[in-house]
Every structure is written in structure tokens, then in C-alpha cells.
Amino acid sequence: MHRPLASRRTLSPLLAVLATAPCFAACTPWDPGEDIPPAGLDAHRSIAVAAEPPPAISGGTLAVSKSAVRAVASDPDRDRVWVVDLEAQRLTAEIVLEKGDEPGRVVEDGAGRFHVALRRGGAVVTLDAGGGKIVDRRAVCPAPRGIAYDASADALHVACLGGELVTLPAGPGAVTRSVRLERDLRDVVVDGDRLLVSKFRSTELLTVAAGGTVSARERLPQFHLFEQRFEPVVAWRTVKLPAGGVAMVHQRALVDPVVIEPGGYGSGGCNGSIVHSTVSELGTPLARTGATLPDLILPVDLAVAADGRSYAVVAAGTDEVVVTSPSALDTNVDSGGDRTCAALQLRRGLGGEPTAVAFAGSSLVVQTREPAAIHVLPLDGTSAGDVITLPGESRRDTGHEMFHKNPGGPMACASCHPEGGEDSHTWVFDPIGPRRTQLVSGGILQTAPFHWDGDMSDIEALMDEVFERRMGGMQQSRRRVGLVARWIDSLPAPPASQAPDADAVARGEALFHDQAVDCARCHAGAQLTSNESFDVGTGKAFQVPSLVRIGARAPFMHDGCAATLKDRLVDPACGGGDRHGKTSHLSEAQIDDLVAYLETL
């Protein structure tokens, strides 16, 4: 049986067309009254429809043991953890997790146990990799992201999307500390006597003092390339450097105007894109931002060789792994560096979609999600390497593929909407003006028309104008566009953390629904939007945005003018004053209560 939609949803015309598409031998009959097209492969059009849409790619799901003889790989598509013997080149254990756990980062502790952060399971599982079994499961926060082992304390540190930094014993035992830092935490690294924590969208690196407070922060500067300015966005992975500090694989987004014309999104960078990839170094006296890695789309994972002289990056959008070096990424021309594109020591295409990478002696270990496999590749490129096929059902899905790949262009949908979210960047479109990237998860298809200007009537119009015309993507059939819509509609909103002050939230909720404040007149319903456009004092009518998970989507407004929700409510120059919710009469305490409520949505 196919999973039914929630009662508030109806079958859109675009999804309905899928019911009339040809169904070949691998397909199963589909009732047009159901929300999910039949699972299987449309062989004639090479279309695959997963029975249950797979999650967005997050990357960084692999760890190799200190002895380099064992690989432990999380599989968020199948809610499994795979244990592979690298010497014998065989799978030794398949560890089944709970449905919907979505396992992510993996770390090994001093006793040889492996610990896995469950991105939607809200927990850390501890594994006996040799025995192929789970020995412990402990709740940490609703959305664990990064995890690190602290040998000096024999403890684990877990960084969470909601801003929690949680500490617990590596062995059995409950959480010993949980402090709240800032939202959107990504990776955590133990660097001597300090903790370094990255933030996903802003690429900031936080230094956390012993008392659990942020003692310093570092953000990479803008990067100048061919007389164009780029700023750092989307820190996919941050890992420790052998000599101290961290390496971060991230994207950069064009700051200068993007011309709205055919192929306009391919108008910058050494690979002709308004988004490009690089590896930068932070947390060191010689912190530096790296040269561009040419033609890499979605650099979802990074590994650093034991001697620190080589970096490996996997690109999920181009199905390849590359190896480069700190010197090749050097942008300082005085030391012989290159200001444009980094030189590559190795570039290998893979027979699958790579999501994670690690060094193991003289080899690279690469995990692919579809088909599920572990690739062991010699660094010298003398042979094709070995492939260890992992069991489990295919998770290939055309909607998922189209979101993460773009064979006809230099970027993918996920380049600006990583993990189905957004990159926090405010683009300057010529002639439209500044427009902040918007979230696409949490039921966005129920909020048409799309874009801040409400100028995209439906997903078909959006794919035609943005994917095909601006991004240079190939023309798509209506069925394929429908499958993108189906996959996007499956994306759940990010898990929410518990509010620290429930009383403030209750007071803020009352204010939100108070007619004297007038928020709920436009922000109502399941998606907290009326789907209409209004001029709220900004000089132009804009689409009322959904407030689902609004607290995690700074900066705010169409032009990103408000760094915080409080800025939006108290600054009449950013948001239109009392034409955009009547808040000028509220006290500072009431504003704080309203913000507390908004952050729970």
C-alpha cells in the first residue's frame, strides 16, 4: 500500500498526470487517488520511483578504524549501518536501526567502539563493530549532526541542529552536560583543550570554552575571482587537521549581481557557476580560504590524510571523488599559489552517487548511496580498485536525482537548497533585486505561487524558468517534473528543539493571535501563510512566506535585512513597521515573548 497524504492535502494536477503515464513491467498499478506514484523503474524513460522517497543527501557518513582494517558506514537511505572488512574486502555486519533514524556521522572511541549520530532519531547509538550489534542507544537532542570523541575525558561531544552541544560518556552512562549555543550547528572537533564547532549555512567556526560558552568565532572572508566577489556558504564537512585547526569543505556563492537570462546561473567562477566548491583552513594562525575546486557540484564530504598533505572530496552532484593538497589550494601568489582553480592530484568518476570518503593507508575508501557500495581506490591510480556491494533495496528515485544533479548545468537545486533547506544567502538578481533563498522542505508545495514575488504559479513554471532556463538544465518531461514535486513534497520540516522557556512561548502565542498585533491574519493554516502577496511597507508586494521553522532561517525578509527575528520586529526600516504586524506598541519583554513563540513554529 502507498502511504496516504495528510487529510489537508489534495492531489495536484501535476502529480495527477503521473497516474496516466505509461507503466511498464517493473511498475505496479497506481490509484490516482493515492499520493505516491508506483514504485519501480520506467524502463522506457529510465525513470525510477522509490516506494518511499529517500532523504536529502547530507554526506559524511563513513569512518575507518584507526587500524585501517575496518570501515563503518551509516546508510540514511535504508536506516542501516554497514561494517566492512577492508582487508578481506567483504561485508561483515548489517546493523538494522529504527525506521526513520537517518544515521549520519560516525566516530570511533579509544576502546574501538563506534558511535553514530541519528539525525532524525534524536539519539546516539553505540556499536560493537566486531560483533555487529548495537550495545547502547542514548537520547541527546532532536536533531544530532556532528559527533567527536574526546580521548582526554573518554567522552563524546554531539553538536545539534537546534544549537545544543551535548556531552556524554563514551562508555555507558547518561548525558553529563547539555549547553545551548546557537542554531544550525554542524560538526564538532576536539582540538587539544578546545572544542571547535562549525555552523552549517554560515560556515562560521565557534570556539567553545571549558564552561560551555562561545569564546571566539571565525568566519571566512569574501573571495575574489575574475573580478567577482563570492562569500562562503554551506559548510558540508569540517574535520581536524593533524597539526591543529580544521579543514572545511564548503561552497561559495556569488555576491555580485546575477543576470536573469538563459544560463545566467552559470555566470561566475572558474567553472562558470554562481556557486563553487573549495576547502578552507580555520582555527590556525595561518587560516586561509582555498582556491576553487573546478566543476564539483555538492562537495558533501572531506577527508584529510594522516600527514595532512592531501585532501579528498566527494561530489554527490557529479558522482566523483577528487584529491588535492593544501599547496594546490593556496591562493597566496607570493608563495606560488593560484588565485583561481585548484590543481587536482586525482579525479575519479564512480559507478554510483558518492556521499562519504576516508583515507585508509595508501587507499581511499568511498561510500556510494545508490547503488549502495564501498569503493576501495588506490591513491596512485594504478588500478580501478575494488567494490564491495552492500545489500538492500534500491533507493534510486528520479525526483531525488533531479534535485541533486544537473547534467546540463554547473549547479544543482541542492547547491542553494542543501538538505532540502536553504543556504542563508541573499542573491542580487538583475533586474529583480535582492532575494533571500527560501526553504523548500516542510510542505512547500502547499504554498504556491512560489518565489518572493509570487511569479512562479506552480512547480512546472518554476522548473521551466529556473532549472531549465537559468540553471542550464535539460528540458524535462511533465512526468519527471511531477516526480521532483513528489520528492520535494516528501521533505519533512527539520526537527525542532524544545523551547527553554515554556511560559514565554505561551505569552508569545497569545500575542501572535491577538488582533491588536495582527500576525495571524496572514500567517495562518498548516503552513502559516495565506499564500497571498502584500506590500507591507517594503515598497512592493511580496508573497507571504511560510513561518514553518522560521527560527532556523536567519537572516529574514526578502532581502535578508534582519539578522534576527527581534531585528525584524523592532526595526521599522527592515520589514515595514506597523504595516507588517503591529508591534511598535509592544514592550521589549513582549517582543522577546513573541520571538520565543516564533522560534517554536
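**Cysteines and a hairpin**

Modeller: Cys 561 is partly exposed, with a relative accessible area of 36%. Please bear in mind that this is a predicted model.

Biologist: Which cysteine forms a disulfide with Cys 561?

Modeller: Cys 561 is joined to Cys 574, and their sulfur atoms are 1.9 Å apart. The torsion about the S-S bond is about 85°, so this disulfide is right-handed. Cys 561 lies in the loop between strand S36 and helix H8, while Cys 574 lies in the loop between H8 and helix H9.

Biologist: Is Cys 574 buried or exposed?

Modeller: Cys 574 is buried, with a relative accessible area of 3%.

Biologist: How many disulfides are there?

Modeller: The count comes to two disulfides. Cys 141 and Cys 160 form one of them, with sulfur atoms 2.1 Å apart. Cys 141 is in the loop between strands S10 and S11 and Cys 160 is in strand S12, so the link ties together parts that are 19 residues apart in sequence. Both of these cysteines, Cys 141 and Cys 160, are buried.

Biologist: How do S11 and S12 pair?

Modeller: They pair in the antiparallel sense over six bridges, and Gly 146 stands opposite Ala 159 in S12. The two strands, S11 and S12, form a hairpin with four residues between them.

Biologist: Why is S11 largely enclosed?

Modeller: Seven of the seven residues of S11 are buried, so the rest of the structure largely encloses this strand.

Biologist: What about Cys 413: how far is its sulfur from the closest cysteine sulfur?

Modeller: The distance is 8.8 Å, to the sulfur of Cys 416, which is too far for a bond.

Conventions: Residues numbered from 1 in each chain as written. Predicted model: local features only at pLDDT ≥ 70, side-chain atom pairs only at ≥ 80, totals over all residues. Heavy atoms only, no water. Buried < 20%, exposed > 50% of the residue type's maximum accessible area, 1.4 Å probe, protein only. Pairing = 2+ DSSP bridges. Disulfide = S-S within 2.5 Å.
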